Amino acid sequence: MSMSIEECQVPRQSKPVPDTPNNVLEQFNMKDRVVCITGAAEGIGLAVAEAMAEAGANIALWYNSNKAAVDRAEELSKLHNVKAKAYQVEVSSPEKVQQAVRDVVSDFGRLDCLVANAGMAISKPILEQTVEEYKRQFEVNVDGVFYCAKYAGEVFKAQGRGNLIITSSISAHIVNVPVDQPVYNASKAAVTHLGKSLAREWRDFARVNIVSPGFFDTKMGASERVVNEGLRMTPLGRQGHVKELKGLFLYLASDASSYQTGSDVVIDGGYILP
Ligand SMILES: NC(=O)c1ccc[n+]([C@@H]2O[C@H](COP(=O)([O-])OP(=O)(O)OC[C@H]3O[C@@H](n4cnc5c(N)ncnc54)[C@H](OP(=O)(O)O)[C@@H]3O)[C@@H](O)[C@H]2O)c1
(Lines give C-alpha, C1' and ligand atoms only; values in the text may rest on other atoms or scores of the structure.)
Protein backbone atom coordinates (compact mmCIF):
# COMPACT_ATOMS: atom_id res chain seq x y z
CA MET A 1 0.00 0.00 0.00
CA SER A 2 1.17 3.55 -0.66
CA MET A 3 2.17 5.62 2.35
CA SER A 4 1.64 9.02 0.69
CA ILE A 5 -0.29 10.70 -2.18
CA GLU A 6 3.01 11.14 -4.07
CA GLU A 7 3.87 7.46 -3.72
CA CYS A 8 0.50 6.35 -5.07
CA GLN A 9 1.00 8.36 -8.30
CA VAL A 10 3.61 5.84 -9.48
CA PRO A 11 2.09 4.27 -12.62
CA ARG A 12 1.27 0.58 -12.39
CA GLN A 13 1.11 -2.01 -15.15
CA SER A 14 -2.17 -3.91 -15.12
CA LYS A 15 -1.79 -7.68 -15.43
CA PRO A 16 -3.52 -9.33 -18.41
CA VAL A 17 -6.92 -10.97 -18.07
CA PRO A 18 -6.37 -14.76 -18.14
CA ASP A 19 -7.19 -16.64 -21.32
CA THR A 20 -10.19 -18.52 -19.90
CA PRO A 21 -13.43 -19.43 -21.69
CA ASN A 22 -16.28 -16.92 -21.87
CA ASN A 23 -18.92 -19.63 -21.66
CA VAL A 24 -19.66 -20.22 -17.99
CA LEU A 25 -20.10 -23.99 -18.27
CA GLU A 26 -16.74 -24.24 -20.06
CA GLN A 27 -15.20 -22.25 -17.19
CA PHE A 28 -16.19 -25.13 -14.89
CA ASN A 29 -14.66 -27.77 -17.17
CA MET A 30 -11.76 -29.50 -15.38
CA LYS A 31 -10.70 -31.82 -18.22
CA ASP A 32 -6.96 -32.64 -18.04
CA ARG A 33 -6.57 -30.82 -14.72
CA VAL A 34 -5.05 -32.70 -11.78
CA VAL A 35 -6.63 -32.23 -8.36
CA CYS A 36 -5.32 -33.73 -5.13
CA ILE A 37 -7.69 -34.00 -2.17
CA THR A 38 -6.68 -34.89 1.39
CA GLY A 39 -9.14 -36.76 3.63
CA ALA A 40 -10.81 -38.08 0.48
CA ALA A 41 -12.06 -41.54 1.53
CA GLU A 42 -15.46 -40.25 2.66
CA GLY A 43 -17.32 -37.20 3.92
CA ILE A 44 -16.53 -33.78 2.49
CA GLY A 45 -13.29 -34.89 0.82
CA LEU A 46 -15.01 -37.67 -1.13
CA ALA A 47 -17.73 -35.28 -2.30
CA VAL A 48 -15.00 -32.91 -3.51
CA ALA A 49 -13.27 -35.78 -5.33
CA GLU A 50 -16.57 -36.72 -6.99
CA ALA A 51 -17.18 -33.11 -8.04
CA MET A 52 -13.76 -32.84 -9.65
CA ALA A 53 -14.07 -36.18 -11.46
CA GLU A 54 -17.60 -35.33 -12.65
CA ALA A 55 -16.15 -32.13 -14.16
CA GLY A 56 -13.43 -34.16 -15.93
CA ALA A 57 -10.42 -33.76 -13.62
CA ASN A 58 -7.90 -36.47 -12.88
CA ILE A 59 -7.82 -36.96 -9.12
CA ALA A 60 -5.40 -38.04 -6.40
CA LEU A 61 -7.29 -39.18 -3.30
CA TRP A 62 -5.25 -39.02 -0.11
CA TYR A 63 -6.38 -41.02 2.91
CA ASN A 64 -4.87 -41.90 6.24
CA SER A 65 -6.67 -44.84 7.88
CA ASN A 66 -9.67 -45.39 5.60
CA LYS A 67 -8.62 -47.71 2.77
CA ALA A 68 -12.05 -47.24 1.12
CA ALA A 69 -10.27 -44.47 -0.80
CA VAL A 70 -8.68 -47.17 -2.98
CA ASP A 71 -12.09 -48.49 -4.10
CA ARG A 72 -13.52 -44.96 -4.46
CA ALA A 73 -10.64 -44.04 -6.77
CA GLU A 74 -11.28 -47.09 -8.95
CA GLU A 75 -15.03 -46.39 -9.08
CA LEU A 76 -14.62 -42.72 -9.95
CA SER A 77 -12.04 -43.52 -12.61
CA LYS A 78 -14.38 -45.99 -14.35
CA LEU A 79 -17.52 -43.89 -13.93
CA HIS A 80 -16.08 -40.65 -15.30
CA ASN A 81 -13.29 -41.94 -17.54
CA VAL A 82 -10.62 -40.02 -15.62
CA LYS A 83 -7.38 -41.07 -14.01
CA ALA A 84 -7.76 -41.57 -10.25
CA LYS A 85 -5.37 -42.98 -7.69
CA ALA A 86 -5.40 -43.33 -3.90
CA TYR A 87 -2.37 -42.55 -1.71
CA GLN A 88 -1.91 -43.32 1.98
CA VAL A 89 -0.57 -40.11 3.53
CA GLU A 90 -0.38 -39.12 7.18
CA VAL A 91 -0.60 -35.33 6.79
CA SER A 92 1.13 -34.59 10.08
CA SER A 93 4.37 -36.02 8.65
CA PRO A 94 6.28 -33.48 6.53
CA GLU A 95 8.33 -36.25 4.88
CA LYS A 96 5.21 -38.23 3.89
CA VAL A 97 3.46 -35.14 2.51
CA GLN A 98 6.54 -34.07 0.54
CA GLN A 99 6.97 -37.56 -0.90
CA ALA A 100 3.25 -37.88 -1.74
CA VAL A 101 3.24 -34.54 -3.59
CA ARG A 102 6.27 -35.80 -5.57
CA ASP A 103 4.45 -39.09 -6.28
CA VAL A 104 1.33 -37.29 -7.55
CA VAL A 105 3.37 -35.08 -9.88
CA SER A 106 5.32 -38.10 -11.09
CA ASP A 107 2.12 -40.16 -11.67
CA PHE A 108 -0.04 -37.39 -13.18
CA GLY A 109 2.58 -35.07 -14.71
CA ARG A 110 1.37 -31.92 -12.92
CA LEU A 111 -0.68 -30.62 -10.00
CA ASP A 112 -3.28 -27.95 -10.68
CA CYS A 113 -5.11 -27.88 -7.38
CA LEU A 114 -4.66 -29.23 -3.87
CA VAL A 115 -7.62 -29.35 -1.50
CA ALA A 116 -6.24 -29.44 2.06
CA ASN A 117 -9.32 -30.97 3.64
CA ALA A 118 -8.11 -33.53 6.20
CA GLY A 119 -8.90 -32.59 9.77
CA MET A 120 -9.86 -33.90 13.18
CA ALA A 121 -11.37 -32.71 16.44
CA ILE A 122 -11.10 -33.71 20.07
CA SER A 123 -13.84 -31.39 21.26
CA LYS A 124 -13.36 -30.60 24.96
CA PRO A 125 -13.00 -27.56 27.21
CA ILE A 126 -9.36 -26.60 27.65
CA LEU A 127 -9.37 -27.58 31.32
CA GLU A 128 -10.25 -31.14 30.30
CA GLN A 129 -7.98 -31.23 27.24
CA THR A 130 -4.61 -32.89 27.62
CA VAL A 131 -1.48 -31.35 26.18
CA GLU A 132 -1.18 -34.38 23.88
CA GLU A 133 -4.74 -33.83 22.55
CA TYR A 134 -3.97 -30.16 21.95
CA LYS A 135 -0.77 -31.03 20.09
CA ARG A 136 -2.45 -33.72 17.97
CA GLN A 137 -5.18 -31.36 16.76
CA PHE A 138 -2.60 -28.78 15.76
CA GLU A 139 -0.38 -31.43 14.13
CA VAL A 140 -3.20 -32.54 11.84
CA ASN A 141 -5.28 -29.39 11.36
CA VAL A 142 -2.50 -26.81 11.18
CA ASP A 143 0.84 -28.53 10.55
CA GLY A 144 -0.85 -30.84 8.03
CA VAL A 145 -2.23 -27.91 6.03
CA PHE A 146 1.13 -26.13 6.28
CA TYR A 147 3.00 -29.14 4.85
CA CYS A 148 0.47 -29.56 2.03
CA ALA A 149 0.69 -25.86 1.21
CA LYS A 150 4.47 -25.77 1.36
CA TYR A 151 5.14 -28.77 -0.86
CA ALA A 152 2.28 -28.16 -3.29
CA GLY A 153 3.31 -24.49 -3.35
CA GLU A 154 6.79 -25.46 -4.57
CA VAL A 155 5.15 -27.30 -7.48
CA PHE A 156 2.78 -24.38 -8.19
CA LYS A 157 5.69 -21.95 -8.29
CA ALA A 158 7.71 -24.16 -10.64
CA GLN A 159 4.65 -24.60 -12.91
CA GLY A 160 3.78 -20.90 -12.78
CA ARG A 161 0.21 -21.83 -11.82
CA GLY A 162 -1.68 -23.54 -9.04
CA ASN A 163 -4.65 -23.45 -6.74
CA LEU A 164 -4.90 -24.24 -3.02
CA ILE A 165 -8.23 -24.68 -1.24
CA ILE A 166 -8.35 -25.14 2.53
CA THR A 167 -11.30 -26.68 4.35
CA SER A 168 -11.59 -24.57 7.47
CA SER A 169 -14.82 -24.18 9.49
CA ILE A 170 -17.37 -21.72 10.84
CA SER A 171 -15.55 -22.50 14.10
CA ALA A 172 -12.81 -20.22 12.76
CA HIS A 173 -15.39 -17.40 12.70
CA ILE A 174 -17.39 -18.00 15.84
CA VAL A 175 -16.95 -19.61 19.23
CA ASN A 176 -19.18 -22.54 18.34
CA VAL A 177 -21.83 -23.87 20.74
CA PRO A 178 -22.82 -25.85 22.76
CA VAL A 179 -19.52 -27.73 23.19
CA ASP A 180 -16.49 -25.76 24.29
CA GLN A 181 -13.72 -26.70 21.86
CA PRO A 182 -11.21 -23.84 21.96
CA VAL A 183 -8.36 -25.86 20.49
CA TYR A 184 -10.28 -27.02 17.39
CA ASN A 185 -11.64 -23.48 16.91
CA ALA A 186 -8.13 -22.01 17.16
CA SER A 187 -6.67 -24.60 14.78
CA LYS A 188 -9.24 -23.67 12.13
CA ALA A 189 -8.72 -19.93 12.67
CA ALA A 190 -4.99 -20.52 12.15
CA VAL A 191 -5.42 -22.19 8.75
CA THR A 192 -7.93 -19.60 7.60
CA HIS A 193 -5.39 -16.86 8.19
CA LEU A 194 -2.58 -18.98 6.74
CA GLY A 195 -4.65 -19.31 3.56
CA LYS A 196 -5.36 -15.59 3.32
CA SER A 197 -1.69 -14.82 3.86
CA LEU A 198 -0.65 -17.30 1.17
CA ALA A 199 -3.10 -15.71 -1.28
CA ARG A 200 -0.94 -12.60 -1.11
CA GLU A 201 2.40 -14.39 -0.96
CA TRP A 202 1.59 -16.52 -4.03
CA ARG A 203 -0.10 -13.70 -5.99
CA ASP A 204 2.15 -14.22 -9.05
CA PHE A 205 1.51 -17.92 -9.54
CA ALA A 206 -1.37 -19.38 -7.52
CA ARG A 207 -4.77 -18.66 -6.02
CA VAL A 208 -5.68 -19.63 -2.46
CA ASN A 209 -9.18 -19.76 -1.03
CA ILE A 210 -10.81 -21.10 2.11
CA VAL A 211 -14.12 -22.90 2.58
CA SER A 212 -15.76 -22.59 6.01
CA PRO A 213 -18.54 -25.16 6.34
CA GLY A 214 -21.16 -25.17 9.06
CA PHE A 215 -22.56 -28.52 10.22
CA PHE A 216 -22.47 -31.15 7.48
CA ASP A 217 -23.73 -34.67 8.10
CA THR A 218 -20.43 -36.59 8.23
CA LYS A 219 -18.36 -38.25 10.95
CA MET A 220 -17.27 -34.75 11.98
CA GLY A 221 -20.77 -33.27 11.74
CA ALA A 222 -23.06 -32.55 14.66
CA SER A 223 -22.77 -35.32 17.27
CA GLU A 224 -25.79 -36.53 19.25
CA ARG A 225 -25.12 -34.12 22.10
CA VAL A 226 -24.80 -31.16 19.70
CA VAL A 227 -27.38 -31.79 17.02
CA ASN A 228 -30.41 -30.16 18.72
CA GLU A 229 -28.56 -26.90 19.22
CA GLY A 230 -27.12 -27.19 15.70
CA LEU A 231 -30.60 -27.39 14.22
CA ARG A 232 -31.91 -24.59 16.44
CA MET A 233 -29.05 -22.31 15.31
CA THR A 234 -29.44 -23.06 11.60
CA PRO A 235 -32.05 -20.97 9.73
CA LEU A 236 -32.29 -23.68 7.04
CA GLY A 237 -33.18 -26.11 9.84
CA ARG A 238 -30.90 -29.02 8.99
CA GLN A 239 -27.30 -30.10 8.59
CA GLY A 240 -25.84 -29.74 5.12
CA HIS A 241 -25.48 -32.74 2.78
CA VAL A 242 -21.97 -33.07 1.35
CA LYS A 243 -23.38 -32.86 -2.20
CA GLU A 244 -24.21 -29.25 -1.33
CA LEU A 245 -20.48 -28.45 -1.09
CA LYS A 246 -19.57 -29.83 -4.51
CA GLY A 247 -20.46 -26.73 -6.51
CA LEU A 248 -18.46 -24.41 -4.26
CA PHE A 249 -15.28 -26.50 -4.31
CA LEU A 250 -15.57 -26.97 -8.07
CA TYR A 251 -16.08 -23.24 -8.55
CA LEU A 252 -12.98 -22.43 -6.49
CA ALA A 253 -10.87 -25.09 -8.24
CA SER A 254 -11.93 -24.07 -11.74
CA ASP A 255 -11.48 -21.11 -14.08
CA ALA A 256 -14.93 -19.90 -13.01
CA SER A 257 -13.24 -18.29 -9.99
CA SER A 258 -10.18 -16.90 -11.81
CA TYR A 259 -10.51 -13.48 -10.09
CA GLN A 260 -11.03 -14.96 -6.64
CA THR A 261 -8.19 -15.32 -4.17
CA GLY A 262 -7.91 -14.91 -0.41
CA SER A 263 -11.62 -15.45 0.07
CA ASP A 264 -13.13 -17.34 2.97
CA VAL A 265 -16.50 -18.68 1.86
CA VAL A 266 -18.95 -19.59 4.60
CA ILE A 267 -21.46 -22.31 3.66
CA ASP A 268 -23.54 -23.06 6.74
CA GLY A 269 -27.30 -22.86 6.15
CA GLY A 270 -27.16 -19.45 7.86
CA TYR A 271 -25.72 -20.76 11.15
CA ILE A 272 -23.47 -17.77 11.89
CA LEU A 273 -26.07 -15.13 10.95
CA PRO A 274 -27.38 -14.32 14.47
N1 LIG B 1 -18.68 -32.09 8.90
C2 LIG B 1 -18.73 -30.88 9.42
O3 LIG B 1 -19.74 -30.48 10.03
C4 LIG B 1 -17.55 -29.95 9.26
C5 LIG B 1 -17.76 -28.59 9.54
C6 LIG B 1 -16.71 -27.70 9.39
C7 LIG B 1 -15.49 -28.16 8.96
N8 LIG B 1 -15.29 -29.47 8.70
C9 LIG B 1 -13.96 -29.89 8.24
O10 LIG B 1 -14.11 -30.64 7.06
C11 LIG B 1 -12.98 -31.50 6.90
C12 LIG B 1 -13.47 -32.88 6.50
O13 LIG B 1 -14.24 -33.42 7.55
P14 LIG B 1 -15.53 -34.35 7.31
O15 LIG B 1 -16.66 -33.64 7.89
O16 LIG B 1 -15.60 -34.81 5.91
O17 LIG B 1 -15.24 -35.58 8.31
P18 LIG B 1 -14.48 -36.97 8.03
O19 LIG B 1 -15.24 -37.80 7.06
O20 LIG B 1 -14.19 -37.56 9.37
O21 LIG B 1 -13.15 -36.51 7.32
C22 LIG B 1 -11.96 -36.20 8.01
C23 LIG B 1 -10.85 -36.68 7.13
O24 LIG B 1 -9.60 -36.26 7.63
C25 LIG B 1 -8.69 -37.30 7.45
N26 LIG B 1 -7.63 -37.25 8.44
C27 LIG B 1 -7.77 -37.14 9.79
N28 LIG B 1 -6.56 -37.20 10.37
C29 LIG B 1 -5.66 -37.36 9.38
C30 LIG B 1 -4.25 -37.50 9.36
N31 LIG B 1 -3.53 -37.48 10.48
N32 LIG B 1 -3.63 -37.65 8.15
C33 LIG B 1 -4.36 -37.66 7.02
N34 LIG B 1 -5.69 -37.55 6.96
C35 LIG B 1 -6.34 -37.41 8.15
C36 LIG B 1 -9.48 -38.59 7.60
O37 LIG B 1 -8.82 -39.62 6.88
P38 LIG B 1 -8.97 -41.19 7.23
O39 LIG B 1 -10.45 -41.41 7.50
O40 LIG B 1 -8.48 -41.89 6.01
O41 LIG B 1 -8.14 -41.48 8.43
C42 LIG B 1 -10.82 -38.20 7.03
O43 LIG B 1 -10.92 -38.54 5.66
C44 LIG B 1 -12.22 -31.43 8.23
O45 LIG B 1 -11.10 -30.59 8.07
C46 LIG B 1 -13.21 -30.81 9.19
O47 LIG B 1 -12.58 -30.12 10.24
C48 LIG B 1 -16.30 -30.40 8.84
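In which sense do strand β1 and strand β2 pair, and over how many bridges? Strand β1 (residues 34-37) and strand β2 (residues 58-63) run in the parallel sense, and four bridges link them. Keep in mind as you look around that this is a predicted model.

- Seven strands come together in an open sheet with parallel pairing, and their order is β3-β2-β1-β4-β5-β6-β7.
- Strands β3 (84-88) and β7 sit at the edges with a single partner strand each, so one side of each has no neighbour in the sheet.
- On average, neighbouring strands of this sheet are turned by 15° against each other, ignoring direction.

- Strand β6 (residues 207-213) is mostly covered, with seven of its seven residues buried.
- Arg207, Asn209, Val211 and Pro213 point one way from β6, while Val208, Ile210 and Ser212 point the other way; all of these residues are buried.
- On one hand, β6 pairs with strand β5 (residues 163-167) in the parallel sense over five bridges, and here Ile165 stands opposite Asn209 of β6.
- To get from β5 to β6, the chain passes through helix α6 (residues 182-201), and this β-α-β crossover is right-handed.
- β6 also pairs with strand β7 (residues 264-267), again in the parallel sense, over four bridges.
- In that pairing, Val211 is found opposite Val265 of β7.

**Two helices side by side**

- Two packed helices can be described by the angle between their axes and by the distance between those axes.
- For helix α4 (residues 94-108) and helix α5 (residues 131-159), the angle is about 35° and the axes are 9 Å apart.
- The crossing in which α4 passes α5 is right-handed.
- From α4, the contact is made by Pro94, Val97, Gln98, Val101 and Val105; from α5, it is made by Tyr147, Cys148, Tyr151, Ala152 and Val155.
- The residues of this contact between α4 and α5 divide into nine nonpolar, one polar and no charged.

Note on methods
Residues numbered from 1 in each chain as written. Predicted model: local features only at pLDDT ≥ 70, side-chain atom pairs only at ≥ 80, totals over all residues. Axes fitted to C-alpha atoms, helices over the stretch in contact; angles between N-to-C directions. Helix = DSSP H or I, 4+ residues; strand = E, 2+ residues; numbered from the N terminus. Left-handed = near helix turned anticlockwise from the far one by under 90°. Contact = placed C-beta atoms within 7 Å. Nonpolar A, V, L, I, M, F, W, Y, C, P; charged D, E, K, R; others polar. Buried ≥ 20, exposed ≤ 12 C-beta atoms within 10 Å, placed from the backbone. Pairing = 2+ DSSP bridges. Right-handed = clockwise from strand over helix to strand, strands pointing away.
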